[in-house]
Amino acid sequence: MLILAIETSCDETAAAVTEGRHILSSVINTQIEEHKKYGGVVPEIASRRHCENISAVVDKALADAKKTYSDIDAVAVTFAPGLIGALLVGVNFAKGLAMSLNVPLIPVHHLRSHIAANYIDNEQLKPPFLCLTVSGGNSVITDVADYTKFSIIGQTRDDAAGECFDKSARAMGLSYPGGVNLDKIATTADFKKYPLPKPQIEDSIYDFSFSGLKTAVINTLHNASQKGETVDIPVLAATVRKRVCDMLIENTLLALEETGRKTLVLAGGVSANSELRTRLEQECKKREISFFRPELKYCGDNAAMVGVQAYFEYMNSNTAGPELNATATLPIDYI
């Protein structure tokens, strides 16, 4: 079954042709350089660029796969969650395409597709397993009972881990994408030098809170500036990274113990973070837990992962018609 997949949830216009877990082509048109001058994604600009680029990106995905529109058996698209204007571009393009080709339209949840990125190069990975999905907009611990059956165990109550990284990096004067550049310059954490807080949720041992940590980083920088002091940015970056990773890892390990799952999967844009990848692998090895993480090229937003998850959604009869609409926020266990 050949699926043409489309992804426009944020600032990447992407398309791919997939067959089950196999990727025939994957094309990404990034807007990083344009948004860099603003220090982050400008939603209106992102939407406009999706409109300008989507046709060419889809055509290239088909050409790279050596397929034509007539070869396509279904069209898949990210419909939630994400920037609403950006999502609408992909959803409306996919609806029109599916209708013109007279093929099924498969709606795909963005976080589900991030999890599916792990299926691409790991044929042995199958549910059930526990997954930590971490991105700029989401931080969720999910129990994955089956390819389309998800249960939320813990999640952020405010900011996502990726947002904490990005906003902290911007306050430090690092360019967009902040989280990536923070990870690159980080050296050694020093909590004596920069005593950052470790927020905890009183009524849930699995939920996260990163807003207070982000504010503490900004206050540290402002206080130093007011006193005329110099901040050791690489050390502060490492301290922020370690604190975020501490919180993510501790809650995830507790969830592993509670659920009894023997497999842990890491997903989302922040799954590219070097410390998070390394430390989770070490902790899983100690506990004889199987650990999977996506290839770096599939950590960020892409359409290949959308196509892979779409296959399982289709097998579970999850299709949509012309009534499909984009949704800015939607939990991973919506059905």
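Colleague: Before we look at anything, what does buried mean here?
Modeller: Buried means under 20% relative accessible area, and exposed means over 50%. Keep in mind that this is a predicted model.

Colleague: OK, start with A14. Buried or exposed?
Modeller: A14 has a relative accessible area of 2%, which is under the 20% limit, so A14 is buried.

Colleague: And where does A14 lie?
Modeller: In strand β2.

Colleague: Which residues does A14 touch, leaving out those up to four places away in sequence?
Modeller: A5, I6, E7, V27, I28, V57, N302 and A303. V57 on that list belongs to helix α2, where V57 is itself buried.

Colleague: How far is A14 from V77, C-alpha to C-alpha?
Modeller: They are separated by 10 Å, and 63 residues apart along the chain.

Colleague: You mentioned α2. How many residues does it have, and what's its reach?
Modeller: α2 covers residues 43–64, so 22 residues by the DSSP run. From first C-alpha to last, α2 reaches 29 Å, close to the 32 Å expected.

Colleague: Where does α2 bend?
Modeller: At N53, by about 50°. N53 is one of the buried residues of the helix too.

Colleague: Which others in α2 are buried?
Modeller: I45, A46, S47, R49, H50, I54, V57, V58, A61 and L62.

Colleague: Why would residues three or four places apart point the same way?
Modeller: Because an α-helix has 3.6 residues a turn. In α2, N53 and V57 are among the buried residues, and so are I54 and V58.

Colleague: Switching to the backbone. What phi does K66 take?
Modeller: A positive one of about 60°, just after α2. Most residues other than glycine have a negative phi.

Colleague: Which loop holds N102, and what's its phi?
Modeller: N102 lies in the loop between α3 and β5 (105–109). Its phi is positive, about 60°, though N102 is not a glycine. At 70% relative accessibility, N102 counts as exposed.

Colleague: What about E288, buried or exposed?
Modeller: Exposed, at 71% relative accessibility. E288 isn't a glycine, yet it has a positive phi of about 55°. You'll find E288 in the loop between α9 (274–286) and β10 (290–292).

Colleague: Which peptide bond is cis in the stretch with P81?
Modeller: The one joining A80 and P81, with omega about -20°. P81 lies in the loop between β4 (74–80) and α3. There's also a cis bond from P127 to P128, with omega near 10°. P128 is found in the loop between α4 (110–116) and β6 (129–134).

Colleague: Back to α9. What does it reach?
Modeller: α9 has 13 residues and reaches 19 Å, close to the 18 Å expected. Its buried residues are E275, L276, R277, L280, E283 and C284. Those pack against β6, α6 (178–185), α8 (233–259), β9 (263–267) and β10.

Colleague: Last topic, the second largest pocket. How many residues line it?
Modeller: 13 residues, with Q200, I201, I205, D207 and N251 nearest its centre. About 200 Å³ of space lies in that pocket.

Colleague: How do the lining residues divide?
Modeller: Six are nonpolar, four polar and three charged.

Definitions and conventions:
Residues numbered from 1 in each chain as written. Predicted model: local features only at pLDDT ≥ 70, side-chain atom pairs only at ≥ 80, totals over all residues. Heavy atoms only, no water. 1 Å grid on protein atoms, 1.4 Å probe; cavity = no way out; pocket = protein on both sides within 12 Å on 5 of 7 lines; lining within 4 Å. Points joined across faces, edges and corners; volume = space filled by probe spheres on them. Nonpolar A, V, L, I, M, F, W, Y, C, P; charged D, E, K, R; others polar. Helix = DSSP H or I, 4+ residues; strand = E, 2+ residues; numbered from the N terminus. Expected span 1.5 Å × (residues − 1). Bend = angle between axes of the 7 residues up to and from the residue. Buried < 20%, exposed > 50% of the residue type's maximum accessible area, 1.4 Å probe, protein only. Contact = heavy atoms within 4.5 Å.
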